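The paragraphs below are meant to be read with the structure in view.

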Amino acid sequence: MRALRGVAALTLTGLAVAAAYMGLRSLGLRPRWEVAAPAASPPPELESRMPPPLSPQGVASDGPGAGGEGDPSPSDGGRAAPYEAARIEFETYGDGRPVESNAAAAEEWREQGLVLSFQSYTADATRPHVLDARGYLPPAASRHALGPPLSGEQGLEVGMTHLDFPGRPRRVAFTLFGPDLIDSFLVIVWSGGERLPATAAAHSPDMRYATEGSSGSGQATYSPGGRATFRAERVVVEAAGGIDRISLDGWGPPGHILLVDHLEIDP
């Protein structure tokens, strides 16, 4: 009986506590464990370093909506103000001066819509060279062509030549010269910040350099100085949204060299 009386007392005590709890809630009072803690504010010294919220697209402080002339960047898909059509032969700089043989180049043709750079796999060069390339070109070709940089006694560096187009033209064409043992000259096209599929660059033999023996086969091959067989390819790149960059990957077996000439930029 004493046990039953203890259970009954505990039951009555529990009911009393529950009734008191419900009464407090009916008055609008809530215990601490039911109240969510407010989010802590950052300390003042950190708050001043927090980045501002992103601006709505198209109304950046330096854009047209702010009263400036801001040009669209290549990454947002906009096209820059078009340059005039240009044809670049690497015999003269953009200002008409004769090129310096085996010298680095970067912005000498900026006014024509071309900026150059180089990414080396073997050293630290950052600019391609305008080479005296008679030892690698067909007999009927001109003397100079754009190619990888010279690295002293080590010869030509191996890497990637970048052709950037600030005017973002829709069409670019050029001739590539390189060893015929390379199955495909790798041409990488960028537009609107994205890499385009390989079909954006159309390759065909540049038949003006075909020898009598190769013209019948539909290939433009030649042997400079009696060395290994080279070929000349005409590459035409088209992108409706504008071309940001064309990268020429010169990676390959020993002796692989990739030269550029007869560049045409069509806005």
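**A walk through the model**

Arg168 is placed in the loop between β6 (159-164) and β7, where strands, like helices, are DSSP runs numbered from the N terminus (helices being H or I of at least four residues, strands E of at least two). Although Arg168 is not a glycine, its phi is positive, at about 50°, and with 1% relative accessibility Arg168 counts as buried; buried here means under 20% relative accessible area, exposed over 50%, and partly exposed in between, with a 1.4 Å probe and protein chains only. His262 belongs to strand β14 and is buried, at 5% relative accessibility.

This is a predicted model, in which local features need pLDDT of at least 70 and side-chain atom pairs count only at pLDDT 80 or more, while totals for chains, interfaces and linings use all residues. Residues are numbered from 1 along each chain as its sequence is written, and side-chain values use heavy atoms, with hydrogens and water left out.

As a whole, the protein has three helices and 14 strands, and buried residues make up 36% of its 267 residues. If contact is taken as heavy atoms within 4.5 Å, then among contacts between residues at least 6 apart in sequence, 71% join residues at least 24 apart.

In soluble globular proteins, nonpolar side chains tend to be buried together. A nonpolar core is defined here as a set of buried Ala, Val, Leu, Ile, Met, Phe, Trp, Tyr and Cys residues joined through side-chain atoms within 4.5 Å. The largest such core has 32 residues, of which Trp109, Leu114, Phe174, Leu176, Val187, Ile246 and Leu248 touch the most other members. Two or more residues of this core come from each of β7 (171-179), β8 (186-191), β12 (230-238), β13 (245-249) and β14 (259-266). Apart from this core lies another, of 13 residues, including Leu131, Ala141, Phe177 and Tyr222. Returning to Trp109, and leaving aside its neighbours within four places in sequence, one finds it in contact with Ile88, Phe90, Thr92, Tyr93, Gly94, Val99, Leu114, Leu116 and Val130.

Gly226 lies in the loop between β11 (221-222) and β12, and Gly226 is exposed, with a relative accessible area of 69%. Between Gly226 and Gly135 there are 9.9 Å in space, C-alpha to C-alpha, although the two are 91 residues apart in sequence.
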